Amino acid sequence: MSFQTARPYTLLSIGAALMTIALKTGAYFLTGSVGLLSDALESGINLVAALAAFWALSFAATPADEDHPFGHNKAEYFSSGLESILIVVAAIGIAVVAVGRLSSPQPLEQLGVGLFLTLIATAINGGVAWILLRAGKRLRSITLRADAHHLFTDVWTSGGVILGILLVKLTGWLILDPIIALCVAASILVSGAKLLQETGAGLLDTSLPLEERDRITNIFSRYEPQGIHFHALRTRVSGSRRFVTFHVLVPGSWTVQQGHDLCEDVEEAIVEALPGANVVSHMEPLEDPKSWTDLELDRSIDR
C-alpha cells in the first residue's frame with residue numbers, strides 16, 4: 001500500500017480504530033477486566049486522533065494564499081497537539097478506574113474469548129502502525145508518525161494487559177489486573193508527553209535535523225574553493241515542508257547573471273539533497289563590509 005499524500009492513510013487509521021474499539025470493548029464486557037477497559041479507552045483516543053489527523057492533513061494540503069504565503073502545513077501540529085492532550089486525559093481516566101479496583105478487585109470471566117478478541121485488535125493495530133510509520137517517514141508527516149507511534153504504544157500496552165490477565169488466570173491474584181492497568185496508564189502518559197514535546201518543537205520553528213544540515217554545508221563546500229562564501233544559514237521545519245535560507249557572497253566584479261546562475265545551481269543542489277525543500281538565497285558582494293554585518297543571523301550547525 002503506497003499513496004502519494006498522507007491523507008489517505010488516515011482513513012486506514014480511522015477504520016482500524018473503529019474495529020479495535022469494537023473488539024476491545026467486547027473483550028472488556030466479556031471479562032470485566034479493567035486492564036482491557038483501559039485498552040479500549042486508548043483505542044477510543046486513537047479514533048479521535050485519526051479523525052483530527054484527517055482534518056489536519058486536509059487543511060495542510062490546501063494551497064498557499066495571500067494570508068498564508070508559506071502554506072498551511074502547521075495545521076498538522078494541531079492534530080498532534082490534540083492527540084497529546086487526549087492521551088494524557090485517557091491516562092488519568094485509566095488510573096482513576098484502576099485505583100478503585102485496587103481496593104476492591106473483581107473476578108474476571110470468559111478470559112479465553114476476551115484474550116482472543118484482544119489479540120486480533122492488537123494485530124490490526126500493529127499492521128496499521130507499521131504502514132503509517134513507513135508512510136510518515138517517506139512523506140515527512142509528523143501527523144502520520146505521531147499516529148504510528150501511538151498505535152505502537154497501544155500494541156505494547158495491549159501486550160502488557162494480555163500478560164497481566166494471563167498472570168491473573170495462573171495465580172488467581174486479582175489485584176494484578178488493576179496494577180497492569182496503572183502501568184498502561186503510565187506508559188500512555190509518557191507517550192503523550194513525548195508527542196507534546198515534538199509538537200511544541202514544530203510550532204517553535206525548530207531547525208532541520210543535524211544530518212540534513214550537514215547535507216547543506218557539504219553542498220556549500222563544493223563552491224568555496226572558487227572563492228565563494230556562505231553564511232546566515234537558517235532552516236526550519238513546518239509540518240512536512242522544509243525551509244532553507246542563506247546568503248551567498250560572490251566577487252563584486254561578477255555580473256548579475258553570473259551570480260544568479262550560481263545561486264540557481266546551489267539551490268537546485270539543495271533541493272536534490274532535500275526533496276521538496278523551499279530554498280531561498282540572497283546574493284551579496286564579497287568586498288562590501290555590509291555583506292559581513294549580518295553574521296549574527298547565522299544558524300549553522302556549529303550553533
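Colleague: How far apart do the end C-alpha atoms of residues 154–173 lie, and how much of the span is helix?

Modeller: Helices (H or I, at least four residues) and strands (E, at least two) are DSSP runs, numbered from the N terminus. Here the ends of residues 154–173 lie 24 Å apart, with 90% helix and 0% strand in the span. For residues 82–99 the distance is 26 Å, and that span is 100% helix and 0% strand. This is a predicted model, in which local features need pLDDT of at least 70 and side-chain atom pairs count only at pLDDT 80 or more, while totals for chains, interfaces and linings use all residues. Residues are numbered from 1 along each chain as its sequence is written, and side-chain values use heavy atoms, leaving out hydrogens and water.

Colleague: Which residues does the UniProt annotation "transmembrane region" cover?

Modeller: UniProt annotations may be inferred rather than shown by experiment. The unreviewed entry gives 9–31, 43–61, 82–99, 111–133 and 154–173.

Colleague: Which residues touch the most other members of the largest nonpolar core?

Modeller: A nonpolar core is a set of buried (under 20% relative accessible area, 1.4 Å probe, protein chains only) Ala, Val, Leu, Ile, Met, Phe, Trp, Tyr and Cys residues joined through side-chain atoms within 4.5 Å. In this core of 23 residues they are Val161 and Ile188. Helices H1 (7–31), H2 (34–60), H3 (75–103), H4 (111–139), H5 (142–171) and H6 (176–203) each give two or more residues to the core. A second, separate core of 20 residues includes Phe246, Val248, Val266 and Ile270.

Colleague: What is isoleucine 188 in contact with, leaving aside neighbours within four places in sequence?

Modeller: Contact means heavy atoms within 4.5 Å. Isoleucine 188 meets Glu42, Ile87, Ala91 and Ile94.

Key: Buried means under 20% relative accessible area, exposed over 50%, partly exposed in between (1.4 Å probe, protein chains only).
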